[in-house]
Amino acid sequence: MKKLMVRLSFFYLIIVCSMYFLQDFFIYHPKRSNPEAIAQLAQNKSLRIWPDTIDTYRGFVSEGKSVKPRGTIIVFHGNAGNALNRLYYPAALNRLDYRVLLAEYPGYGARSGKTGEPQFTADAVEIIRLVSTEFGPPIFLLGESLGCGVVCATVAETNVPIQGVALITPWDTLPNLAQDQYWFLPARWIVKDRYDNVANLAHYEGPVAVILAGQDEIIPNRLTRRLYEALPGPKRLWTFAEAGHNSWPSGPNEPWWGEMMKFLQPAAAGHETK
């Protein structure tokens, strides 16, 4: 029995060490593509490569038909795919007269660089600086799943004023999520990227909109609610009881898009959807 316990402990230690060293493969699932294919797809979708060429791009801009957008919404997507998989954001938000920037992470799409919280946060801070220089205020940040972690970390780091924040299916901290998913491991203690959304938004006084999917099979509702309850400033929660993590209502005619933006920018309350 003692030998069996020693062997089991040894195998358990191997599993823990493997999870530690391979954790990026469990967190980040980038969809890579060559620059030519990315540039062609962006052109086909009427998106402008931003800020300049595909060799140095950080995302894609869509202004729709608006002559004078009400502001710029920077979208940070989830952990899988790439920015061009999130065309439902400009489809919905251009109609409300907002410029939409689909930000791309280092190591995703045709971008070089390493994945990870420090790299994503530093890159997002620079994106916000460039957006502020080119377009001016107001600037909104919208995060989806992992993108919520990037948004919150960036809010804590940037010096550029952020008008409002929207978080779609967020967690409170990545260690808490990791422990929930890998309950048989000391996951909370071995996760390197923290994405502590509670701490990162602790001093943000602007409005925060939170979208909760009632049947979220990846992020437990209690973690989303824990974050929402901790928010110090103006906040509003939209709950879609029958939605899963990737099946929340994203159609451009969904009324909650307009409700969310009116909450984040009250001056837009009198604006009618085109």
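Modeller: The discussion below concerns salt bridges. This is a predicted model, in which local features need pLDDT of at least 70 and side-chain atom pairs count only at pLDDT 80 or more, while totals for chains, interfaces and linings use all residues. Residues are numbered from 1 along each chain as its sequence is written, and side-chain values use heavy atoms, with hydrogens and water left out.

Biologist: Why is the contact of arginine 48 with glutamate 134 called a salt bridge?

Modeller: A salt bridge requires a side-chain nitrogen of Lys or Arg within 4 Å of a carboxyl oxygen of Asp or Glu. The closest N and O atoms of arginine 48 and glutamate 134 are 3.2 Å apart, so the pair meets this definition. Arginine 48 is in strand 2 and glutamate 134 in helix 4, 86 residues apart; helices (H or I, at least four residues) and strands (E, at least two) are DSSP runs, numbered from the N terminus.

Biologist: Why is arginine 48 called partly exposed?

Modeller: Buried means under 20% relative accessible area and exposed over 50%, with partly exposed in between (1.4 Å probe, protein chains only). Arginine 48 has 34% relative accessibility, and therefore counts as partly exposed. Glutamate 134, at 40%, is likewise partly exposed.

Biologist: What makes arginine 236 and glutamate 259 a salt bridge?

Modeller: Their closest N and O atoms are 3.9 Å apart, which is within the cut-off, so the pair qualifies. Arginine 236 lies in strand 10 and glutamate 259 in helix 10, so the pair ties together parts that are 23 residues apart in sequence.
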